[in-house]
Amino acid sequence: MAPTFKVTYFDIMALGEPIRILLSYGGFDWEDNRVTKENWPVLKPTVPMGQLPILEHNGKVAHQSIAICRYLGKLTKLVGKDDWEDLEIDAAADTVNDYRAKVGRYHYEADPVQKEKIGEQLFSEIVPFYSKKLDEQAKNNNGFLAVGRLTWADLLFVGLIDYMNFMAKKDLLAGVPNLQKVKENVLAVPNVKTYISNRSDNHIF
Ligand SMILES: N[C@@H](CCC(=O)N[C@@H](CS)C(=O)NCC(=O)O)C(=O)O
């Protein structure tokens, strides 16, 4: 029988990894479909917005990694107890994604002069800002990003942090103990632990 879920992404962690972690957390039957650079031009015109990741389920195709994570968060009950808590979880996820995008802006800048300029601001202002804010947030939420307990925003964060560290060429959790605790709390979940210990770390990017 075909797996219930199929996630299609490149053979890297990046935006696909939070989805893989959430599927693992849920103990779902899922296929990890990794597209090669050679096959991508053929597949690209067939996916909703010409980008990956996508998630296939029940004959339907979903796109947008955060929307997919939110959906899997609902299926796995890693959500709020009311709409306000969901708002707080969404806000935490969006903050993580904003941070990821700012680190990405540095990594993907091709012009060396511009890159140096972006890097100066990233490491003198942006990283210290997010480190302080997110560390406080984790402290106020018992080692989680929102609502004082494990939610899909924590799995999103842990799914993205290796990619972010790779792009920054720095350990963004160094000296940020409460945020580090978020990572530890997620990695302590048995299904996540099993997935992470079996995955290949050669494919961060
Ligand atoms: N907002 C989208 C962004 C997706 C995206 O940027 N995907 C990139 C890889 S990380 C992609 O498919 N690049 C190949 C292309 O655009 O041809 C999401 O979060 O899913």
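Predicted model: local features only at pLDDT ≥ 70, side-chain atom pairs only at ≥ 80, totals over all residues.
Which residues surround the ligand? Residue numbers start from 1 along each chain as its sequence is written.

The ligand is surrounded by Ala14, Leu15, Lys44, Gln51, Leu52, Pro53, Gln64, Ser65 and Ile66, a residue being near a molecule if its C-beta atom, placed from the backbone, lies within 6 Å of it. This shell comprises 5 nonpolar, 3 polar and 1 charged residues; Ala, Val, Leu, Ile, Met, Phe, Trp, Tyr, Cys and Pro count as nonpolar, Asp, Glu, Lys and Arg as charged, and the others, Gly among them, as polar. Two members of the shell, Leu52 and Pro53, are joined by a cis peptide bond with omega of about 10°. Pro53 is located in the loop between helix 2 (40-43) and strand 3 (54-57), where helices (H or I, at least four residues) and strands (E, at least two) are DSSP runs numbered from the N terminus. The loop between strand 3 and strand 4 (60-63) contains Asn58, a non-glycine residue whose phi is positive, near 50°.

The chain is divided into domain 1 (5-77 + 191-203) and domain 2 (83-188), with bounds that come from an automatic or database domain assignment. A distance of 20 Å separates the C-alpha centres of domain 1 and domain 2. Contacts involve 15 residues of domain 1 and 14 residues of domain 2, two residues being in contact if their C-beta atoms, placed from the backbone, lie within 7 Å. On the side of domain 1 that touches domain 2, at least two residues are supplied by each of helix 1 (17-25), helix 3 (65-75) and helix 8 (190-198). That side of domain 1 consists of 11 nonpolar, 1 polar and 3 charged residues.

Helix packing was examined next. Helix 1 and helix 8 pack at an angle of about 130°, and their axes are 8 Å apart; axes are lines fitted to C-alpha atoms, for helices over the stretch in contact, and angles run from 0 to 180 degrees between N-to-C directions. Helix 1 is therefore oblique to helix 8, given that angles under 35 degrees count as roughly parallel, over 145 as roughly antiparallel, 65 to 115 as roughly perpendicular and the rest as oblique. The crossing of helix 1 with helix 8 is right-handed; a crossing is left-handed if the near helix is turned anticlockwise from the far one by less than a right angle, and right-handed if clockwise. Ile21, Ser24 and Tyr25 of helix 1 make this contact with Asn191, Val192 and Tyr195 of helix 8, giving 4 nonpolar, 2 polar and no charged residues.

In domain 2 (83-188), the axes of helix 4 (residues 83-108) and helix 6 (residues 152-168) cross at roughly 10° and come within 10 Å, so that helix 4 is roughly parallel to helix 6. The contact of helix 4 with helix 6 contains 14 nonpolar, 2 polar and 1 charged residues.

Helix 5 (residues 112-140) packs against helix 7 (residues 177-187) at about 60°, the axes lying 7 Å apart. Helix 5 and helix 7 are therefore oblique to each other, and their crossing is left-handed. Leu134, Asp135, Ala138 and Lys139 in helix 5 face Asn178, Leu179, Lys181 and Val182 in helix 7 across the contact, which has 4 nonpolar, 1 polar and 3 charged residues.
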